[in-house]
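Me: Got a structure I'd like to talk through. Can you take my questions one at a time?

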Amino acid sequence: MNTARASYGLIKHGGEERPVPLEGTRVRGQLQGLLAEIEITRRYRHDSLQPLKRPVYSFRLPVDALLLGVEVQLGEQQLVSRVVDRFQVAGLIAAYLIAV
(Lines give C-alpha, C1' and ligand atoms only; values in the text may rest on other atoms or scores of the structure.)
Protein backbone atom coordinates (compact mmCIF):
# COMPACT_ATOMS: atom_id res chain seq x y z
CA MET A 1 0.00 0.00 0.00
CA ASN A 2 1.37 3.41 -0.95
CA THR A 3 1.16 5.71 2.09
CA ALA A 4 2.76 8.76 0.46
CA ARG A 5 0.58 11.85 0.59
CA ALA A 6 -0.01 13.83 -2.58
CA SER A 7 -0.88 16.89 -0.48
CA TYR A 8 -1.51 18.11 3.04
CA GLY A 9 -4.83 19.06 4.57
CA LEU A 10 -8.08 17.09 4.50
CA ILE A 11 -7.91 14.15 2.11
CA LYS A 12 -10.87 11.94 1.22
CA HIS A 13 -10.45 8.31 0.29
CA GLY A 14 -12.59 5.96 -1.71
CA GLY A 15 -10.98 4.67 -4.86
CA GLU A 16 -8.49 7.52 -5.04
CA GLU A 17 -7.12 10.17 -2.69
CA ARG A 18 -8.54 13.60 -3.42
CA PRO A 19 -8.12 16.79 -1.41
CA VAL A 20 -11.28 18.34 0.05
CA PRO A 21 -11.50 22.02 -1.07
CA LEU A 22 -10.21 24.45 1.56
CA GLU A 23 -12.47 27.50 2.08
CA GLY A 24 -10.33 29.42 4.53
CA THR A 25 -7.73 29.44 7.31
CA ARG A 26 -7.51 31.44 10.55
CA VAL A 27 -4.33 31.47 12.65
CA ARG A 28 -4.10 32.77 16.21
CA GLY A 29 -1.09 32.57 18.48
CA GLN A 30 0.29 33.47 21.85
CA LEU A 31 3.91 33.69 23.02
CA GLN A 32 4.83 32.61 26.56
CA GLY A 33 8.58 32.90 26.99
CA LEU A 34 10.14 30.41 24.56
CA LEU A 35 6.82 28.64 23.98
CA ALA A 36 4.42 29.62 21.20
CA GLU A 37 0.87 28.28 21.36
CA ILE A 38 -0.70 28.33 17.90
CA GLU A 39 -4.33 27.68 17.00
CA ILE A 40 -5.08 27.00 13.34
CA THR A 41 -8.69 26.82 12.20
CA ARG A 42 -9.38 25.51 8.71
CA ARG A 43 -12.78 25.30 7.06
CA TYR A 44 -13.31 22.80 4.25
CA ARG A 45 -16.20 22.47 1.80
CA HIS A 46 -17.80 19.06 1.33
CA ASP A 47 -20.71 19.38 -1.11
CA SER A 48 -21.75 15.73 -1.28
CA LEU A 49 -24.71 14.45 0.72
CA GLN A 50 -22.66 11.32 1.46
CA PRO A 51 -20.37 11.54 4.51
CA LEU A 52 -16.62 11.36 4.02
CA LYS A 53 -15.38 7.80 4.41
CA ARG A 54 -11.99 7.40 6.07
CA PRO A 55 -10.92 11.05 5.81
CA VAL A 56 -7.30 11.80 6.69
CA TYR A 57 -6.04 15.17 7.88
CA SER A 58 -2.29 15.53 7.53
CA PHE A 59 -0.03 18.46 8.31
CA ARG A 60 3.65 19.21 8.54
CA LEU A 61 5.47 20.15 11.71
CA PRO A 62 9.03 21.36 12.18
CA VAL A 63 11.37 18.61 13.38
CA ASP A 64 11.81 20.29 16.76
CA ALA A 65 8.11 21.11 17.29
CA LEU A 66 6.22 19.85 20.33
CA LEU A 67 2.65 18.82 19.59
CA LEU A 68 0.44 19.17 22.68
CA GLY A 69 -2.84 18.13 21.12
CA VAL A 70 -5.22 18.25 18.20
CA GLU A 71 -8.96 18.99 18.28
CA VAL A 72 -11.14 18.45 15.23
CA GLN A 73 -14.75 19.46 14.69
CA LEU A 74 -16.61 17.56 11.95
CA GLY A 75 -20.06 19.08 11.70
CA GLU A 76 -21.53 18.55 15.17
CA GLN A 77 -18.92 15.95 16.21
CA GLN A 78 -15.93 17.10 18.31
CA LEU A 79 -12.83 14.85 18.25
CA VAL A 80 -10.02 15.40 20.77
CA SER A 81 -6.65 13.72 20.35
CA ARG A 82 -4.60 11.98 22.96
CA VAL A 83 -0.89 12.65 22.49
CA VAL A 84 1.17 9.53 23.15
CA ASP A 85 4.93 9.06 23.28
CA ARG A 86 6.21 6.96 20.37
CA PHE A 87 7.41 4.24 22.77
CA GLN A 88 3.91 4.01 24.28
CA VAL A 89 2.47 3.66 20.78
CA ALA A 90 4.46 0.45 20.22
CA GLY A 91 3.06 -0.96 23.47
CA LEU A 92 -0.51 0.01 22.57
CA ILE A 93 -0.21 -1.61 19.14
CA ALA A 94 1.23 -4.79 20.64
CA ALA A 95 -1.61 -4.95 23.22
CA TYR A 96 -4.19 -4.44 20.49
CA LEU A 97 -2.69 -7.18 18.30
CA ILE A 98 -2.68 -9.61 21.22
CA ALA A 99 -6.34 -8.81 21.99
CA VAL A 100 -7.59 -9.51 18.43
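This is a predicted model: local features need pLDDT of at least 70, side-chain atom pairs count only at pLDDT 80 or more; totals for chains, interfaces and linings use all residues.

Me: Is Val20 buried or exposed?
Reply: Buried. Its relative accessible area is 6%, and the cut-off for buried is under 20%.

Me: Which residues does Val20 touch, leaving out those up to four places away in sequence?
Reply: Five names here: Leu10, Lys12, Tyr44, Arg45 and Leu52.

Me: And how far is Val20 from Pro55 in space?
Reply: The C-alpha to C-alpha distance is 9.3 Å. In sequence, Val20 and Pro55 are 35 residues apart.

Me: Back up a bit. What's the overall layout, in helices and strands?
Reply: There are seven strands and one helix. Along the sequence the order reads β-β-β-β-β-β-β-α.

Me: How much of the protein counts as buried?
Reply: 6% of its 100 residues. The protein exposes about 9,100 Å². Carbon and sulfur atoms supply 56% of that area.

Me: Switching to charges. How many salt bridges does a search of the whole structure find?
Reply: Three. One of them pairs Glu39 with Arg26, with the closest N and O atoms 3.5 Å apart. Glu39 is in strand 4 (residues 35-44) and Arg26 is in strand 3 (residues 22-32), so this pair ties together parts 13 residues apart in sequence.

Me: Why would such side chains pair at all?
Reply: Opposite charges can pair when the charged atoms come close.

Me: What does Arg28 do?
Reply: Arg28 forms a salt bridge with Glu39 too. There the closest N and O atoms are 2.9 Å apart. This pair also links strand 3, with Arg28, to strand 4, with Glu39, across 11 residues.

Me: How accessible are Glu39, Arg26 and Arg28?
Reply: Each one is partly exposed. Glu39 has a relative accessible area of 36%. Arg26 is at 43%. Arg28 is at 46%.

Me: Which residues make the remaining bridge, and how far apart are the closest N and O atoms?
Reply: Asp47 and Arg45, at 3.1 Å. Arg45 also touches Val20.

Me: What about the exposure of Asp47 and Arg45?
Reply: Asp47 is exposed, because its relative accessible area is 59% and the cut-off for exposed is over 50%. Arg45 is partly exposed, at 37%.

Me: Which residues do shared partners join into one network?
Reply: Arg26, Arg28 and Glu39. Glu39 takes part in both bridges there, one with Arg26 and one with Arg28.

Me: New topic. Which residues form the nonpolar patch on the surface?
Reply: Tyr57, Phe59, Leu61, Leu67 and Val83. Together they have about 410 Å² of accessible area.

Me: Where does Phe59 lie?
Reply: In the loop between strand 5 (56-58) and strand 6 (71-74).

Me: Why does Phe59 count as partly exposed?
Reply: Because its relative accessibility is 33%.

Technical notes: Residues are numbered from 1 along each chain as its sequence is written. Side-chain values use heavy atoms; hydrogens and water are left out. Patches are made of residues with over 30% relative accessible area and no salt bridge: like charges are joined within 9 Å, nonpolar side chains (Val, Leu, Ile, Met, Phe, Trp, Tyr) within 5 Å. Accessible areas come from the Shrake-Rupley method with a 1.4 Å probe; for residues, only the protein chains shown count as cover. A salt bridge is a side-chain nitrogen of Lys or Arg within 4 Å of a carboxyl oxygen of Asp or Glu. Helices (H or I, at least four residues) and strands (E, at least two) are DSSP runs, numbered from the N terminus. Buried means under 20% relative accessible area, exposed over 50%, partly exposed in between (1.4 Å probe, protein chains only). Contact means heavy atoms within 4.5 Å.
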